[in-house]
Amino acid sequence: MHKTILNLAWKETLQLLRDRLLLAFMVIIPVVQLGLIAEATGAGIRNIKLAVWDQDKSAFSRDLVTALKNSGDFNLMYYAQSYDEIRALVNDGKVGAAVIIPPDFSRELARTGASATLPVIIDGTNSIVASSLLGAVESAIADLTRQFVPANAIITPIDLKIEFAFNATLNIRWSTIVTQLGFITYQLVLVVAAVGFVRERELGTLEQLAVTPISRLELLLGKGLMALGIGMLNYTLLYLAIRYGFEIPMRGNLALLMALGVLFTIAEIGVGTLLSIVTHSQQQAILMVFMLAMLEVTFSGYLVPTENMPWFMQTIANFSPLQHFSAILRAVYIKGSSLEMLWHHVIPLAALTGITVGAGWYLFNRAEW
Amino acid sequence: MTTHHLPLTTYAPDDAVIAENLTRKFGKFIAVNTISFRVARGEIFGFLGPNGSGKTTTIKMLLGLLHPTSGAANVLGYDVVHHPEKIRSMVGYVSQKFSLYTDLNVIENLNFYGRAYRVWGKQLDARRQIAIELAGLVGVERELTANLAGGFKQRLALAAAILHEPQLLILDEPTAGVDPVSRRDFWKLLYRLAAQGTTIFVTTHYMDEAEQCHRLAFIHEGHIVATGTPSDIKEKQMRGSVIEIDCDPPGRALEILRQIENLDETALYGSLVHVVARDVAAQQPQIERALRDAQIAIKSIAVIPPSLEDVFIARAKG
Ligand SMILES: Nc1ncnc2c1ncn2[C@@H]1O[C@H](COP(=O)(O)OP(=O)(O)OP(=O)(O)O)[C@@H](O)[C@H]1O
Ligand SMILES: [Mg+2]
């Protein structure tokens with residue numbers, strides 16, 4: 001049986017590699033979508049103007065300032081003398097970031113095993129810049145700590161106490177990008193699965209398949225495996241782009257993020273397969289995908305948070321795999337939530353997966369070729 | 001083999017296909033109407049009929065792609081409704097519309113279908129090579145199927161259908177739209193396969209192809225109106241005789257003749273008029289008189305042995 005499924009998946013792969021339109025769709029959509037968002041939120045983090053208020057005035061604090069200066073990411077513009085001065089600099093947009101070194105910073109740090117707190121103010125208007133800034137500050141400090149602490153000591157990380165000056169809701173901007181992971185995978189998998197059977201029916205090749213000893217189950221699994229492969233490849237690449245290209249820190253468990261990605265992809269394969277079975281042409285199938293996507297995006301909480309919707313819309317939203325998965329992504333990726341904290345989304349998602357796959361299987365079995 | 005769900009009391013091991021009162025409706029329209037026929041193992045069975053007469057519908061029922069509305073069919077010992085999966089591995093099918101993957105090349109298509117029929121590895125390599133040579137596909141192995149000419153496509157479809165060495169090969173108008181030379185070559189192939197013991201069920205419009213079949217069934221508007229060997233059909237199933245008239249102008253002659261009562265059938269074959277008469281002695285003079293009265297010059301008039309087409313046209317009317 002597995003050989004038959006692999007034979008089908010291989011055939012689909014060969015066809016995909018020759019389908020320029022679908023290939024373009026697979027590459028262009030993610031690039032354009034992520035690119036537009038990068039453009040919309042701004043990019044480029046070199047030469048960020050920096051203000052420092054050094055209350056410690058120790059050798060270490062001076063080293064820290066030098067390290068920030070030398071990192072190449074910052075342009076040290078101001079030595080501030082008070083918190084109000086710092087705030088004003090950030091508020092007026094004269095600097096993009098400010099570091100406040102507390103009076104006892106080096107002493108705190110020197111106490112082995114204790115961690116020191118370093119308040120940082122970042123202009124969060126631009127989430128991309130803000131997240132990159134954060135990374136730059138973090139790495140500059142980490143480098144320094146490594147020099148400062150004896151090699152055999154346990155390195156305790158400096159706790160960055162971050163304050164976002166303009167945008168207290170940087171998380172929402174991050175989640176916009178992280179949610180793309182779900183959206184783009186969603187579009188791609190749905191289209192691939194939705195054309196899967198109807199395309200072969202339209203071309204007449206489904207009938208030829210039907211007279212071979214390949215069972216319906218094998219056919220469904222073969223096509224599903226292919227869609228899952230495409231979906232997860234896309235998902236992984238997007239993850240890498242978001243994690244390392246956009247430098248949005250991933251706080252959760254990667255294995256969990258991947259496993260739930262698989263679950264979500266299978267749910268969407270189920271939906272796509274259903275569409276593929278009930279439609280009569282590829283054109284119809286694609287139209288249905290668009291209609292469904294519009295609905296699901298509305299209910300996903302991307303435009304309006306689901307919590308702010310009227311109760312009946314919230315009820316409908318419960319039937320959207322994308323809604324659950326968007327919530328899961330935000331929770332796992334940005335907040336670092338564990339599986340235990342997510343059951344209220346994972347269980348409905350698993351149930352929807354079961355329902356869509358089951359319904360697809362049922363209808364497919366009943367349909368005359 | 002006789003134990004697997006046989007609705008047919010008369011099944012014998014040397015039957016490849018039996019249809020009994022097979023019927024299929026689409027809504028109210030009856031596409032196939034209580035047809036019964038048998039195909040013996042090893043024979044080339046021709047299934048003939050005009051467009052829309054129910055050939056493809058019948059084939060789809062034999063393959064389990066469509067369920068009969070009523071009646072039953074048995075293929076290679078298995079009931080088509082209850083055990084289509086048992087039948088599939090023993091049957092090869094070349095559909096009316098070319099339906100291999102045009103975005104795969106020849107080898108890729110053959111590999112895929114070979115494996116689909118559970119032929120793997122070395123055996124697949126060997127059989128694929130044989131099929132490629134048999135079907136005359138040497139040299140185009142890496143060609144994208146979309147770029148193949150019609151005759152090549154037909155032979156590729158045949159090659160893909162025989163990789164698993166089926167006992168029964170079902171071909172639905174395999175030579176439609178193919179040039180005469182390619183058609184002849186294709187039939188040579190069918191003969192070779194039949195000689196190896198493969199039963200062949202083939203539909204066609206072409207009478208020259210029908211003549212090459214061991215046995216025929218003629219379907220018209222969902223009914224089978226004649227069955228038998230080609231010579232049997234020509235000799236015994238014609239009610240009346242065919243009178244062939246060479247006259248000028250033939251079109252006008254046809255109009256005149258259609259006004260005469262008691263003539264079963266009048267049809268134009270090129271420039272020749274064919275008339276079916278039950279009583280030649282009485283009707284031939286009547287015909288000659290009618291044509292002469294209409295100032296139509298008769299170059300020749302004679303009773304000829306009926307062609308298959310004459311019989312089918314006559315039976316379709318009756
Ligand atoms: N799925 C369907 N729904 C409704 N009518 C159908 C369907 N399939 C076939 N028919 C009708 O049934 C009749 C028989 O069709 P079928 O395809 O069996 O004819 P055929 O003998 O194969 O003709 P051809 O030589 O044109 O291939 C036709 O009138 C056709 O329009
Ligand atoms: Mg047909």
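**View 1. Strand β12(B) and the second largest cavity.** β12(B) gives the largest share of this cavity's lining, four residues. The model is predicted; local features need pLDDT of at least 70, side-chain atom pairs count only at pLDDT 80 or more, and totals for chains, interfaces and linings use all residues. Residues are numbered from 1 along each chain as its sequence is written, chains are lettered from A in the order in which they are written, and side-chain values use heavy atoms, without hydrogens or water. Strands (E, at least two residues) and helices (H or I, at least four) are DSSP runs, numbered from the N terminus.

**View 2. The lining of the second largest cavity.** A cavity is a set of points on a 1 Å grid over the protein atoms alone where a 1.4 Å probe fits but cannot get out; lining residues have an atom within 4 Å of a point. The volume here is about 40 Å³. In chain B, β12 (265–269), β13 (272–277) and α11 (308–317) each supply at least two lining residues. Among them are B:Y269, B:H274 and B:D310. The lining divides into four nonpolar, two polar and two charged residues.

**View 3. The largest cavity.** Its volume is about 80 Å³. The lining includes A:Q208 from chain A, and B:F98 and B:Q154 from chain B. α5(B) gives the most, with three residues. In chain B, β6 (91–94) and α5 (150–162) each supply at least two. Six lining residues are nonpolar, five polar and one charged.

**View 4. Cavities in the whole structure.** The structure holds three cavities of 30 Å³ or more.

Methods:
On a 1 Å grid over the protein atoms alone, a cavity is a set of points where a 1.4 Å probe fits but cannot get out, and a pocket is an open set with protein on both sides within 12 Å along at least five of seven lines; lining residues have an atom within 4 Å of a point. Grid points are joined across faces, edges and corners, and a volume is the space filled by probe spheres set on the points. Ala, Val, Leu, Ile, Met, Phe, Trp, Tyr, Cys and Pro count as nonpolar, Asp, Glu, Lys and Arg as charged, and the others, Gly among them, as polar.
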